[in-house]
Each structure stands twice: as C-alpha cells, then as structure tokens.
Amino acid sequence: MKIRVRRRRLLVSGVIATLAVGILGTTMADAGQRPWRHRHPYPRPTPSPTWTPPSTTTTTTTTSPPAPTTTASHSTTTTTTSAAPAPTTSSPIPKPSGVVFANHVAQFNVLCSSDHFAADDPIVFPGQPGMSHMHTFYGNTSTNANSTISSLSASSPSSCGRGMGTSDLSAYWVPSLMKKNADGTASTVKTDQTNTVYYRRAGGGMGPGVQPFPVGLRMIAGNAKATSDQSLSIVQWDCGGGGLESPHMYQCPGGPSAPIHASLIFPSCWDGVHLDSADHKSHMAYAADDGACPADHPVSLPEVTFEIDFPGIAGGPDYFLASGGIYSLHGDFIADWNNQVQNALVGSCLNNPHECADMNRDGDTLFRPDYDPEPITINLNNFSNTSPYANQPLQGPVTTSPTDSMSMSSSMSMPMP
C-alpha cells in the first residue's frame with residue numbers, strides 16, 4: 001500500500017533561523033515553518049519475491065532493538081581494489097526486531113546546510129583531489145578526496161542542525177549549481193543552500209522492517225552523465241515546493257520567491273555484504289512500491305532522499321549543473337551515524353511508524369517540538385549503542401584505479417552548455 005506524504009519545504013527566513021540554532025535547534029522562526037513533502041507516485045522496478053504485509057495493521061511489539069553484546073568498530077571492514085564479487089542471495093544479518101505494521105508515515109530527517117565546495121569525490125575519485133567536477137558538500141565538514149570513514153568520524157560537529165551535529169557525521173554531496181558569466185566563463189553558485197535528508201521506511205508503515213545503515217556504506221543515486229531526462233522516480237525538480245515536477249531543471253515562473261528545488265531518491269535494498277561496489281551502485285537496488293527488496297539485495301535499509309533548496313534562485317538559461325547541463329543531477333552518500341541515535345530513530349520512527357521530521361536532540365533526548373502535529377520524545381538510554389553489524393564480515397570500500405578515474409573524469413565532466 002502506497003502512502004502519500006507531504007514534502008517538507010523551507011521558507012528562506014526559516015532556513016536561516018534553523019541553521020543558526022544550537023543544541024535544541026528551535027526558534028520562533030523555525031516554529032513558523034510548515035513545509036510540505038510529497039511522495040512520488042511513479043513506478044519502480046518490481047523485485048522478486050514480492051513483500052506481503054501482514055493481514056493486521058496493529059501488530060504490537062516493542063520498538064527497542066535488542067542490545068548485542070559486542071561493540072561495533074570501523075576495523076571490522078576490509079578494503080579491496082577489485083570489483084566486488086556477486087552478492088550473496090541470503091544474509092546472515094539478524095532481522096529487525098520490534099517491527100510494527102500500520103498505515104502511517106514512517107520517516108525522520110536531518111537539516112544540513114551547505115558547508116564547502118570542491119572538485120573532489122571520495123567515492124569515484126578517492127585520493128585524487130581536483131579530478132571531479134565541482135561538488136557542494138553537506139553534513140560532514142571534512143569531506144574531501146582523501147576522506148576515509150576514520151577521517152569522517154574524527155570530524156565533529158557536522159553542518160546538520162537541530163542539535164544533530166554530533167549524531168550524524170555522514171557525508172552528503174551533489175554537483176554544484178553553476179551560473180554563466182557575461183564574459184563567457186562560469187562561476188559556482190555559493191549562496192546559502194540546504195539539504196533536508198529524509199530517511200524513510202520503503203513501502204511506508206506497511207513495508208518490511210528496516211535495519212540501520214552500517215557505518216561506511218557508500219552509494220550513488222542518479223546519473224552524472226545524463227544528457228536527457230532521468231526517471232522521475234529518482235530525480236525531480238520543481239519550484240518553491242510546488243508546481244510542475246520535472247526530471248530536469250527549468251526556470252521557475254514565480255521568480256526568486258518560488259525558487260528551484262531538487263529531490264533525489266536513493267536505493268534502499270542492500271546485498272548485506274558489500275559497503276561499496278566497483279560501479280558504486282551494484283551493491284544496492286531500489287525497492288518496489290510496497291517496499292519489497294529483490295532476493296539478491298535482501299536487506300532493507302532506510303530510503304534516503306535529498307531535498308535540496310536554492311533560496312532566491314529561480315533558475316533559467318544561465319544556470320546549469322557542474323556535471324553538465326540540466327539533466328545530470330546525482331548525489332553521493334557515505335553513512336556515518338552515531339549507533340545509538342540511529343538505532344533510536346530507526347526503531348522509534350521507521351520500524352514503529354511515526355512522523356519524525358524536524359527531530360531535535362538535547363543531550364540524551366530526541367524530540368519533535370510541540371508545535372508539530374505529532375510530537376514525540378525518545379530517550380536514547382533505552383537503545384543500544386552497538387551496531388547490528390558488529391560481528392558481520394562486511395567488505396569495502398572499493399577503490400578506483402587512476403586509469404579508470406581518468407576515464408570517468410573525461411566522461412563525467414561535461415562542457416558548459
């Protein structure tokens with residue numbers, strides 16, 4: 001059963017107020033925001049077998065995940081420079097516990113400001129600064145061509161607000177927005193930009209239960225080489241949170257008061273073994289509309305969606321993406337969450353369906369403010385600080401050879417239109 005939810009949109013004044021917030025992340029300006037978010041209705045590939053939800057919608061179980069007896073460590077992963085082997089068809093990873101099935105939205109989000117701009121890409125061009133097109137980086141403030149999970153974990157806080165800066169050290173990035181200059185050159189648009197990153201249970205509250213992200217998982221959504229429309233199920237552009245939904249950037253008729261906005265949806269089904277793959281996509285797959293994952297990617301992770309806002313920019317013929325043209329939107333993600341916080345959000349908001357957008361952190365408490373329609377408070381002490389993958393022999397990341405990187409660089413860096 002598909003669930004339609006609202007797109008969370010941000011007014012420019014609300015964005016500025018929110019990003020200035022400290023540990024609690026709430027102000028009167030933030031309280032006035034009532035952004036909206038939609039759930040795209042476009043079809044996705046249908047995996048096999050198909051997920052069959054239970055006949056009841058109110059199965060009641062505990063939402064607190066079991067506490068494993070060992071502590072997760074980044075040293076549990078190994079590195080390979082060759083293509084990853086074929087995914088296994090079964091996963092030894094424990095099934096999620098405390099899963100509740102209900103016809104209700106199941107999501108949380110983090111609001112991250114743009115932090116820096118660089119021609120780096122630690123997934124596609126690791127160890128090769130300046131080899132990529134220009135990117136805009138959100139979240140982790142240290143992300144660069146030489147980033148590793150160790151370096152990301154050592155950099156705190158991130159640019160994510162509402163008190164989540166020490167909880168989410170994940171790296172998020174997209175191709176920078178560019179603008180043509182009168183002299184024929186082009187400049188990177190470095191105005192204030194935000195990325196509201198949504199984490200959802202694929203299929204909504206009736207979809208299969210999900211596991212938290214393993215630290216260090218990497219993935220890419222979208223096609224950096226696209227020269228024509230990508231699928232609307234992955235890439236969407238609109239104006240000010242409304243109007244025409246398009247797979248490519250276009251000029252917003254309402255001007256700066258209804259600026260361009262982009263949505264980018266990532267796959268949520270994982271093979272359960274590889275933190276990366278040679279093409280940075282094969283270890284992941286998209287779920288069906290009911291949340292079902294294909295047999296060769298059996299582990300359901302949160303579905304990540306980037307909601308990118310460009311306040312005051314209406315777009316038009318002078319604007320294009322650093323990856324080339326108006327069709328090539330794509331995004332990269334490296335997961336690096338605090339185990340306890342992610343366990344709490346996945347258990348209380350996804351596996352026990354709740355609307356947890358605009359979640360704040362204050363010490364050991366996660367809370368959704370009272371002005372929100374469904375306020376919720378979560379005590380972090382009720383959740384384990386251990387990853388469910390602590391004893392799993394996960395593989396990754398996969399690195400790219402200099403020769404392959406040069407080839408990809410020439411094909412991904414398109415000329416200015």
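The structure is a predicted model, and residues are numbered from 1 along each chain.

**Exercise 1. Classify the ring pair of Phe-108 and Tyr-199, and find where its two members sit.**

Solution. 
- Step 1: Begin with the whole picture. A search of the structure finds 13 aromatic pairs.
- Step 2: Look at the geometry. A pair of aromatic rings is described by the distance of the centres and the angle of the planes. For Phe-108 and Tyr-199 the centres are 4.9 Å apart and the planes meet at 5 degrees, so the pair is stacked. The cut-off for stacked is an angle under 30 degrees.
- Step 3: Place the residues. Phe-108 belongs to strand S2 (residues 107-118) and Tyr-199 to strand S7 (residues 194-200).
- Step 4: Check the surroundings. Phe-108 has a relative accessible area of 1%, so this residue is buried. Tyr-199 is at 0%, so it counts as buried too.

**Exercise 2. Tyr-199 also pairs with Phe-213: work out what kind of pair they form.**

Solution. 
- Step 1: Take the distance and the angle. The ring centres of Tyr-199 and Phe-213 are 6.0 Å apart, with 80 degrees between the planes.
- Step 2: Apply the cut-off. Planes over 60 degrees apart count as edge-to-face, so Tyr-199 and Phe-213 form an edge-to-face pair.
- Step 3: Locate the partners. Tyr-199 is in strand S7, while Phe-213 is in the loop between S7 and strand S8 (218-222), 14 residues apart.
- Step 4: Widen the view. Phe-108, Tyr-199 and Phe-213 are among the members of one aromatic cluster, which also includes Tyr-172, Phe-266, Phe-306, Phe-333 and Trp-337.

**Exercise 3. Describe the disulfide of Cys-112 and Cys-160, including its handedness.**

Solution. 
- Step 1: Recall the bond. A disulfide is a covalent bond between the sulfur atoms of two cysteines.
- Step 2: Check the distance. The sulfur atoms of Cys-112 and Cys-160 are 2.0 Å apart.
- Step 3: Read the torsion. The value about the S-S bond of Cys-112 and Cys-160 is about 85 degrees, so this disulfide is right-handed.
- Step 4: Find the positions. Cys-112 lies in strand S2, and Cys-160 in the loop between helix H3 (149-153) and strand S4 (171-175), so the link ties together parts that are 48 residues apart in sequence.
- Step 5: Cys-112 and Cys-160 are both buried.

**Exercise 4. Which hand do the links Cys-269 to Cys-293 and Cys-349 to Cys-356 have?**

Solution. 
- Step 1: Take Cys-269 and Cys-293. Their sulfur atoms are 2.1 Å apart, and with -85 degrees about the S-S bond the link is left-handed.
- Step 2: Cys-269 is in strand S12 (residues 269-270) and Cys-293 in the loop between strand S13 (284-285) and strand S14 (299-300), so parts 24 residues apart in sequence are tied together.
- Step 3: Check burial. Cys-269 is buried, at 0% relative accessible area, and Cys-293 is buried at 13%.
- Step 4: Turn to Cys-349 and Cys-356. Their sulfur atoms are 2.1 Å apart, and the torsion of -85 degrees makes the link left-handed. Cys-349 is buried at 0% relative accessibility, and Cys-356 is buried with a relative accessible area of 0%.

**Exercise 5. How many disulfides does the structure hold, and what pattern do they follow?**

Solution. 
- Step 1: A search of the whole structure finds four disulfides.
- Step 2: With bonded cysteines counted along the chain, the pattern is 1-2, 3-4, 5-6, 7-8.

Notes
This is a predicted model: local features need pLDDT of at least 70, side-chain atom pairs count only at pLDDT 80 or more; totals for chains, interfaces and linings use all residues. Side-chain values use heavy atoms; hydrogens and water are left out. Rings of Phe, Tyr and Trp (its six-membered ring) pair if their centres lie within 6.5 Å; planes under 30 degrees apart count as stacked, over 60 as edge-to-face and the rest as tilted. Helices (H or I, at least four residues) and strands (E, at least two) are DSSP runs, numbered from the N terminus. Buried means under 20% relative accessible area, exposed over 50%, partly exposed in between (1.4 Å probe, protein chains only). A disulfide is a pair of cysteine sulfur atoms within 2.5 Å.
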